[in-house]
Amino acid sequence: MQTDFLKVEALSRVYPASRGQAPLVVFENIHFSIGKGEFVCIIGHSGCGKSTILNVLAGLDEPSAGVVIMDGREVAGPSLDRGVVFQGHALMPWLSVMKNIEFAVKSRWPDWPKDKVRSHCQQFIDLVGLTGAEHKKPSELSGGMKQRVGIARAFSIQPKMLLLDEPFGALDALTRGVIQDELLKICASTGQTVFMITHDVDEAMLLSDKIILMTNGPRARIAEIVVNTLPRNRTRNDVHKDPQYYRIRNHLVDFLVSRSREMAQAPAADSDPRHPPEVRPGEMDDDPIATPRVQKQPAMHLV
Ligand SMILES: Nc1ncnc2c1ncn2[C@@H]1O[C@H](COP(=O)(O)OP(=O)(O)OP(=O)(O)O)[C@@H](O)[C@H]1O
């Protein structure tokens, strides 16, 4: 695997002082890398800068310091090499579902004949369960349906990197599960590289190879990177049966409930921010047998 397909080096984001207030340092000195074909989730409380980092990776925002290098080239603006799905759907309201997706596909492959563009788009419309809604405008769709169009559009351009900002948050549980399964299948068959923001620890554990944990902002930093050692062929139905599952889950929940705040208040540890600690289940303190209450909890969403 190309271990540093995407490299983030010394990234900081500072918003200038306004109305007599001090400048806002959202995060600073962020370093991480993503291997080709890796699925990386980032979790942390609201305001720690997850969306800002994603926007910088997308080339839609500029960092105050630091650099992002993808496939050997510095990210200096938006590109069809990176497909983005936002919390809001960001569709063109005057275009139908099909035309919204066609627009992206034609930009990606301008030489493709019309029929090929159409059948390619249809494949992704079917994938997200929107068959029959091809000619509807966004105003005629529910919030979840609009979100699915955004997901189909991002998948359809087969980008080198998918950037997902809580893409499934607005979906009902059933659709969410179906699209998570499809995403797993697409990643397994195409080796898609993904960076995804989620507030849902179960979603992160189902989908990711690694989970970046951010301390609370301001001055957020990477606390650690959890290596998800659950076997890669996991499914929603059996992922929780793995003996490692609750150990990892407890560790993530514990981080969100207490350590993310405690670490934010403590001065930066003497660990080198260029090499955030990687943690595997065997190195976690949380013992699933000692803390069975967490096993009984339903899916956990924290903001
Ligand atoms: N244009 C701006 N000017 C000043 N501050 C901003 C601006 N945009 C974002 N911020 C601040 O930057 C911080 C990080 O915002 P960001 O949306 O990246 O956080 P987040 O972790 O993605 O939050 P959430 O989980 O709620 O989406 C917040 O404190 C926000 O208020």
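Me: Which element gives the largest share of the shell around the ligand?
Reply: In this predicted model, the largest share of that shell, 3 residues, comes from helix 1, where a helix is a DSSP run of H or I with at least four residues and a strand is a run of E with at least two, both numbered from the N terminus.

Me: And which residues surround the ligand?
Reply: The ligand is surrounded by Tyr-15, Leu-24, Val-26, Ser-46, Gly-47, Cys-48, Gly-49, Lys-50, Ser-51, Thr-52 and Gly-217, a residue being near if its C-beta atom, placed from the backbone, lies within 6 Å. Strand 2 (24-34) and helix 1 (50-58) are the elements that give two or more residues to this shell.

Me: How are the numbers and cut-offs set?
Reply: Residues are numbered from 1 along each chain as its sequence is written. Because the model is predicted, local features need pLDDT of at least 70 and side-chain atom pairs count only at pLDDT 80 or more, while totals for chains, interfaces and linings use all residues.

Me: New topic: what is the strand order in the open sheet of 7 strands?
Reply: The order is 6-7-8-3-9-10-11, with mixed pairing, and two strands pair if DSSP finds at least two bridges between them.

Me: Which strands stand at the edges?
Reply: Strand 6 (82-85) and strand 11 (278-279) do, each with a single partner strand, so one side of each is left without a neighbour in the sheet.

Me: In which sense, parallel or antiparallel, do strand 6 and strand 7 pair?
Reply: Strand 6 pairs with strand 7 (residues 161-165) in the parallel sense over 4 bridges, and Val-85 stands opposite Leu-164 in strand 7.
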